[in-house]
Amino acid sequence: MFSLPDFTVIFMNDFLRRLKALVLKEYYQLMRDSSSLTIGIIIPIMLILLIGYGLTLDIKNVPTAVVLEDASPTVQDMLSFMTGSEYFETHYVTSMREAEKLMSQRKAEAIVRIPSDFTSKLKRGHADIQIILWGVDAATARTAGGYIEAGIAQWQAANRANYPVASTGKGAVVVTSRQWFNDANTSTWVFVPGLVVMIVTLVGVFLTTMVMAREWERGTLESLFVSPVRILEILLSKIIPYFCVAMCGFWLCIFAARVLFNVPIHGSFLIILFSSVIYLIASLGMGLTISSTIRSQFLASQIALLVSMMPTMMLSGFMFDLRSSPLVIQAVGHILPATFYMELIKSLFLAGNNWPMIIKNCSVLTLYAIFFIILSFKVTRKRLE
């Protein structure tokens, strides 16, 4: 008769032996399945390169028609910020008719008109500049207008002593603008940390959902159900390989952020790693729950897209700040675990350690991870229906 310690040792040995066999099976299946490797490795690399290099909210090379009715050295000096700038593609013309023709042909999205009496009025203390923007693309128009106004304001600040009244008459005060948490003033620094969330979600939810649903359709889980293995061992054997694949995607993002895009990490990297592990466990649990509930591969993939990938891209703060959205959209966004992870990752990369937010968001992610793992355990039945 076995004592309790002997029974525990035998149980653990059997548990680890079965788990090792199941994990090796999953690894072999993963290596043979090119689609899983494509989703887990190739697509993350493509996302890093395409979004990091291609997706940007910065407006560059704005076609701008400059109407120089007054071509004095003062005017040329004032507009020198456009020369050689990556933000403007400048076309100098001498009449509004030429500028309007360029805009009607969509060869110019902004017109800067310098009146013929600009220099003389400037010396008297009041001069006007007309800016006309292509309003069909409102976002581009606002940004281009802001660039032009900022360049002119900078020139006025630098020449305040020569034109004190034209410089608002508030004395020798030079205003220097700076954007907090994005010293490079580039949206790439905002998008690249968000890629960590996208890739972990892609592998954790979508790939896990596809793999489990495919096994349900093929009937390969039947052989496991008639074997001595337990539900916990089956779930762990599914979690471990795809956890490793997702972490490969995570390290690819970190490498791209630091080496390719020079994104700073102002916060603790250990907290970034810790929160990523928690969120990945929650994502894996969500994927297992979906695939165990919806055993059709096609339907499970569609549901995974609807409840994970699309909301993560649109409602987590990846594309835009949720605070500018209606309250209903904000409420929906804050139901998603990705929203808390996105806020945490961006803050740790660009702002530093905000401990109240770190504690709150990590706690919420931990609750999500526990919830989805327990739920996946409940819905995965060791029986066929």
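Phe-250 is buried, at a relative accessible area of 1%; buried here means under 20%, exposed over 50% and partly exposed in between, with a 1.4 Å probe and protein chains only. This is a predicted model, so local features need pLDDT of at least 70 and side-chain atom pairs pLDDT 80 or more, while totals for chains, interfaces and linings use all residues. Numbering runs from 1 along each chain as its sequence is written, and side-chain values use heavy atoms, leaving out hydrogens and water.

Phe-269, at 27%, is partly exposed.

## Aromatic pairs

Searching the whole structure turns up ten aromatic pairs (Phe, Tyr or Trp rings, six-membered for Trp, with centres within 6.5 Å; planes under 30 degrees apart are stacked, over 60 edge-to-face, the rest tilted). One is Phe-191 with Phe-318: the centres sit 5.6 Å apart and the planes at 55 degrees, so call it tilted. Phe-191 is in helix H7 (residues 188-218) and Phe-318 in the loop between helix H11 (297-315) and helix H12 (327-333), 127 residues apart. Helices are DSSP runs of H or I, at least four residues, numbered from the N terminus. Both Phe-191 and Phe-318 are buried.

Phe-250 and Phe-269 make a tilted pair too, 6.5 Å centre to centre with 35 degrees between planes. Here helix H9 supplies Phe-250 and helix H10 (residues 269-293) supplies Phe-269, 19 residues apart.

Then there's an aromatic cluster of Phe-81, Tyr-87, Phe-88 and Tyr-147.

## Back to H9

Leu-260 also belongs to helix H9, and its 35% relative accessibility makes it partly exposed.

Conventions:
Helices (H or I, at least four residues) and strands (E, at least two) are DSSP runs, numbered from the N terminus.
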